[in-house]
Amino acid sequence: MKDNFHLSMTWLHTWSGLVVGWVLFFIFVTGTAGYFYMEIDRWMRPEQPLQSKTVAADVAVAMAEKHLQSRAAGADSWTINIPGARETPYLNVSWRNPPKPGEEPNQGRGGGGRFGGPSDILDTQTGEVQPSKPRETGGGLLLYRMHWALHYMPYEAAAWIVGICTMFMFVAIITGVIIIYKKIFREFFTFRKGKGARSWMDMHTVISVTSLPFFIMITFSGLLFYLYTYMPLAPKILFGDEGAQRERRFFGDQGKRDGNAAPLFSLVEALKLGEQEFGKNQVRNINVQFPGDSAAIITITPKYDRYLNEYPQLKVNGTTGAVLDNPPRKVSAVEKTNNVILAIHEGVFANTLIRWLYFLAGVLGCAMIATGLVLWTVKRRPKAMKNGKFSFGHNLVERLNIGTVAGLPGAVAIYFLANRLIPVDLAGRREWEVHAMFIGWLLLLIYPAFRSIKRGWIEVFLMTAALYLLLPVVNFFTTERHLGISLLYGDWVLAGIDITFLALGCTCVYIAMKIKRHPSAITKAVKTKKADDDLTPVTNEVLSS
Amino acid sequence: MSYINVIASFAWAISGFLLLALTIERHYQDVYGKSAVLDKRYLKILYTLGWTALLISFISIVIYKGWFVGPVAWMGLLAVTAFGLMLLLAYKPSWVIKAAVFALAIAIGNTFFSLVQ
């Protein structure tokens with residue numbers, strides 16, 4: 001009975017992992033890249049200036065205020081981003097003009113910029129506007145979006161596909177824990193190298209066990225994101241059916257103009273009030289509603305990295321500078337729990353260090369799925385060799401593994417290459433970047449079908465390596481944002497991306513060399529079988545070039 | 001200084017994991033030779049020290065990042081540390097003792113510094 005239970009758990013683990021493994025790998029790769037989507041966004045828009053030079057917050061605010069007074073005096077709202085936080089690489093000012101007659105007022109949406117309004121990037125040394133007309137690109141955000149919305153399909157369909165795959169992953173995690181719970185501590189660090197299937201199994205287990213909290217968190221919270229898609233009635237009951245009402249809930253009510261002109265309270269003074277509240281250099285942005293009106297309100301927001309999900313704000317009267325009563329929005333315990341879980345999934349609060357930990361944990365997630373997929377084939381090869389033939393299913397899994405595990409990262413590299421190589425003024429270049437990625441992936445999926453398994457792995461890994469190693473080079477020849485410039489200037493975000501590309505390329509070369517040099521379990525099996533000189537057709541399938 | 005706490009937390013995690021790894025027979029023998037057997041008395045001490053080190057690692061990062069973000073960061077830090085140590089144990093078992101001593105020294109040093117400040 002007990003053995004039976006163990007066997008059925010193993011069976012469930014194997015198949016729930018395999019059938020959705022390739023989609024999960026795609027979700028994990030795009031999601032892992034997504035932890036740096038803002039950074040990738042900057043890399044993919046090389047027309048934007050380099051990171052703003054650090055500057056005292058009050059100097060930056062004074063510059064921005066002066067610029068906004070002359071440039072956007074009649075605007076409905078101003079937003080100043082103070083450089084220094086992850087989301088604010090520049091001294092960026094944006095504003096929203098009053099709605100034209102007959103236009104729906106854009107309730108509550110802070111400044112312009114992000115929401116398509118006018119914005120300027122200021123040089124922190126001179127206060128001049130820096131030129132910035134970025135190329136048309138989906139950027140890191142679009143890559144990140146594929147993590148939950150896939151591509152080439154309606155959002156709802158993608159939500160269901162991703163949700164079902166996530167559910168399968170959850171099943172695989174639970175059954176995996178059941179399979180090994182007795183050995184969790186005893187074999188916590190166990191990796192026996194050079195032992196074929198045993199080594200793959202060890203690696204798969206070790207990765208899964210050491211990052212188990214991360215995997216459970218990410219899978220469970222991943223399901224919560226789709227709560228309202230799977231249960232569409234809930235938000236209608238909670239927030240009503242009206243779009244505007246829902247929007248107000250997200251962005252808050254921002255009040256009305258008074259109509260009487262009144263000089264604006266000094267924003268530098270407002271910044272000081274903010275620093276008293278949140279600490280020195282902790283203010284991230286300042287928003288002004290109705291500057292120049294007697295009903296003006298100044299809102300000061302701190303940096304994200306100390307708060308899990310509730311970002312406090314300081315509201316100040318825009319003419320007198322009196323601190324306004326700003327009771328936090330009432331949140332139920334359920335909503336709070338939900339918010340915290342989602343914030344942990346996204347890592348909104350993560351500073352550089354924690355963001356890299358998230359990224360590495362994501363990479364381990366990719367590795368867990370990859371080792372699981374490979375393990376499936378490694379375990380079944382000896383039996384197939386005995387039969388002298390790979391079944392169609394086995395062949396398919398082997399090839400899909402190569403095209404996905406080794407090929408998908410290459411396709412992502414093609415997305416970045418396309419960003420540099422497609423002419424800047426080509427119509428629809430944003431879509432073509434994505435097409436390039438998926439056409440590339442398709443080719444990398446088809447290619448292994450014409451190669452033996454071992455050659456397939458080596459060659460696709462080498463292609464992926466070449467693509468990543470090419471990226472900094474192409475970047476050097478096509479933009480002014482290459483390593484030579486970013487390193488000298490000290491823009492570690494842009495330099496970090498190029499260096500990561502190089503590291504990924506080198507890793508792929510290393511893996512390819514490792515596969516090439518390492519006698520596979522199959523050659524060993526053949527040798528010990530004291531086989532005749534001619535290899536079986538299956539061994540040929542695996543080894544020959 | 002906040003980053004001292006992060007380094008301390010990392011170093012305590014490495015020390016703790018290595019001490020705990022030595023309580024496992026397989027890894028003890030990886031380090032001290034095939035026939036080495038760990039004395040039962042030391043087993044308990046190693047076990048206690050290992051878990052204590054992990055606890056201090058947790059406390060260090062909570063002091064740095066607070067109650068909300070600290071535990072999340074700690075999970076990530078543990079995952080990456082454990083994965084690295086697994087590779088160390090598999091490929092360079094002879095370095096384990098040196099690594100443990102080195103990590104302990106850094107851990108104690110950094111914790112001392114952050115307490116003094």
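Residues are numbered from 1 along each chain as its sequence is written, and chains are lettered from A in the order in which they are written. Because the model is predicted, local features need pLDDT of at least 70 and side-chain atom pairs count only at pLDDT 80 or more, whereas totals for chains, interfaces and linings use all residues.

Helices (H or I, at least four residues) and strands (E, at least two) are DSSP runs, numbered from the N terminus. Chain A contains an open sheet of seven strands in the order E4-E3-E2-E1-E5-E6-E7, with antiparallel pairing; two strands pair if DSSP finds at least two bridges between them. Strand E4 (129-130) and strand E7 (314-317) of chain A form the edges, each pairing on one side only. Within the sheet, E1(A) and E2(A) are joined by five antiparallel bridges, and A:Thr79 stands opposite A:Ser94 in E2(A). Four bridges, also in the antiparallel sense, connect E2(A) with E3(A), where A:Leu122 is the bridge partner of A:Leu91. Strand E5 (residues 283-289) and strand E6 (residues 297-302) of chain A run antiparallel and share six bridges; A:Val283 has A:Pro302 in E6(A) as its bridge partner.

A residue is classed as buried if 20 or more other C-beta atoms lie within 10 Å of its own, exposed if 12 or fewer, and partly exposed in between, with C-beta atoms placed from the backbone. Six of the six residues of E2(A) are buried, so this strand is largely enclosed by the rest of the structure. A:Leu91, A:Val93 and A:Trp95 point one way from E2(A), while A:Asn92, A:Ser94 and A:Arg96 point the other way.

H3(A) lies across strand E1 (77-81), strand E2 (91-96), strand E3 (119-122) and E5 of chain A, at about 35 degrees to E2(A). H11(A) touches E5, E6 and E7 of chain A, and its direction makes about 130 degrees with that of E5(A). Axes are lines fitted to C-alpha atoms, for helices over the stretch in contact, and angles run from 0 to 180 degrees between N-to-C directions. The axes of helix H3 (residues 57-71) and helix H11 (residues 267-278) of chain A come within 9 Å and cross at roughly 145 degrees. In this contact, A:Ala57, A:Asp58, A:Val61, A:Ala62 and A:Glu65 of H3(A) meet A:Leu267, A:Val268 and A:Leu271 of H11(A). These residues comprise six nonpolar, no polar and two charged, where Ala, Val, Leu, Ile, Met, Phe, Trp, Tyr, Cys and Pro count as nonpolar, Asp, Glu, Lys and Arg as charged, and the others, Gly among them, as polar.

The contact between the chains takes 21 residues from chain B and 22 residues from chain A. On the side of chain B, helix H1 (2-22), helix H2 (25-32) and helix H3 (40-91) each give two or more residues. H3(B) gives the most, with 16 residues. The chain B side divides into 17 nonpolar, three polar and one charged.

Within chain B, B:Phe17 is found in helix H1. B:Phe17 counts as buried because it has 27 C-beta neighbours inside 10 Å. Apart from neighbours within four places in sequence, B:Phe17 is in contact with B:Thr81, B:Ala82 and B:Leu85.

Key:
Contact = placed C-beta atoms within 7 Å.
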